[in-house]
Amino acid sequence: MHRRVTDFCERYGLALPILEAPMAGASSPELAIAVAEAGGMGACGVLLDDADRIAAWVARFRAGSAGPLQLNVWVPDDLVDDPGGTAAATAFLHRFGAPGPAGGHAPAYTAQCAAMLDAAPTAVSSIMGLFDADYVTRLHERGIAWFATAITLDDALAAQEAGADAVIAQGMEAGGHRGVVDPDTAERTAVGLVALVPHLVDHLDVPVIAAGGIADGRGVAAALALGASAVHVGTALLRTPEAGIDPAWSASLDGLRPEHTVPTRAYSGRLGRAAPTPYVRAWADPDAPTPARYPTQRQLVTRWRRGDAPGVDRANHWAGQAAALATTEPAGQVITQMWAEARALLA
């Protein structure tokens, strides 16, 4: 195994270079525990969690594992007032059923950042932007690494300059949201992982973590051969019993072909890759409006889920292009087998 991989594993207490992708809404403590106990790094996406929920989640994780842990948060967008777009999206949602009551507020970003500091995980990762210099200093003072998500070389270089300890190279194959800083450029900056990883590795001094379309040992081996020091695995773990996702979401991943996954803004207003559910396809119809901007679209969808709206997916059916490789085996077994296959190929 290349020295860069063993160095990364030694630095972060890993027995193998596989990290659970921090998927907000699908990061159960049980899944993170299973990954960490198999020798990888568990994770939680805390976008939807307030400080108390972050603390409680970490406590549950640490009750089951002393292994490495990553927490992830979005850097907030600049809010854009778009009443016309909001009105059009609201009107369109009525075709799926009746909304529930409005209400609920997003957790405060500053409180989330403070809670992650208090939790003292192995690493805190960012997506959709960079942490400010003061927070990076505070992380490093606590011995917490910063992993910054990037989809372009410019993003990666900016993260390295700002003090990132590693860069997560997110290819267009990845399920869920694209880690683009400017949301309006998401459709124009879609680079596949095979091109992105070596491009970043050739220009960065910090380790690169490959993310997107990695769901078996072949994908792990390929990413490491391209120069990555470790990999993120997300969709491959969604159907495991520890993930406990909505059964309809799990079913939509079963046998899902790479070409059938679709980029969509239908769930949140931010571009993400998902399964082609009837709800998602409806937003691509010629008469459909553009979804409202983030976070308004997410708030609208949440409201319809509270109501009598059978046409709205009860969960976001995020799906990476390797979804067909996801199995219902226990998560620890998935990780162990993935690494065994990768080692055999790399040998």
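Is Arg239 buried or exposed? Arg239 counts as buried, at 16% relative accessibility. Buried here means under 20% relative accessible area, exposed over 50% and partly exposed in between, with a 1.4 Å probe and protein chains only. The model is predicted: local features need pLDDT of at least 70, side-chain atom pairs count only at pLDDT 80 or more, and totals for chains, interfaces and linings use all residues. Residues are numbered from 1 along each chain as its sequence is written, and side-chain values use heavy atoms, with hydrogens and water left out.

Arg239 sits in the loop between strand S9 (230-233) and helix H10 (247-253). Helices (H or I, at least four residues) and strands (E, at least two) are DSSP runs, numbered from the N terminus. The Arg239 side chain reaches the backbone oxygen of Ser250 at 3.1 Å. Contact means heavy atoms within 4.5 Å.

An open sheet of 8 strands runs in the order S1-S9-S8-S6-S5-S4-S3-S2, with parallel pairing. Two strands pair if DSSP finds at least two bridges between them. Strand S1 (18-20) and strand S2 (42-45) are the edges, each pairing on one side only. Neighbouring strands are turned by 25 degrees against each other on average, direction ignored. Axes are lines fitted to C-alpha atoms, for helices over the stretch in contact; angles run from 0 to 180 degrees between N-to-C directions.

Ala43 has Gln70 in S3 as its bridge partner. The chain passes from S2 through H3 to S3 in a right-handed β-α-β crossover. Right-handed means that, with the strands pointing away from the viewer, the path from the first strand over the helix to the second runs clockwise. In a regular strand the side chains alternate between the two faces of the sheet. In S2, Gly42 and Cys44 point one way, Ala43 and Gly45 the other, and all are buried.

Strand S3 (residues 69-74) pairs in the parallel sense with strand S4 (residues 123-127) over 5 bridges. Val73 stands opposite Ser126 in S4. Helix H3 (residues 51-64) packs on the sheet, touching S2 and S3, at about 160 degrees to S3. Helix H7 (residues 153-161) lies across strand S5 (145-150) and strand S6 (166-170), at about 165 degrees to S5.

The whole structure holds 0 disulfides, defined as pairs of cysteine sulfur atoms within 2.5 Å. Cys113 is buried, at 6% relative accessibility. Its closest cysteine sulfur, in Cys44, is 14 Å away, too far for a bond.

Definitions and conventions: Polar contact = N/O pair within 3.5 Å; in protein donor to acceptor, adjacent residues only side chain to side chain.
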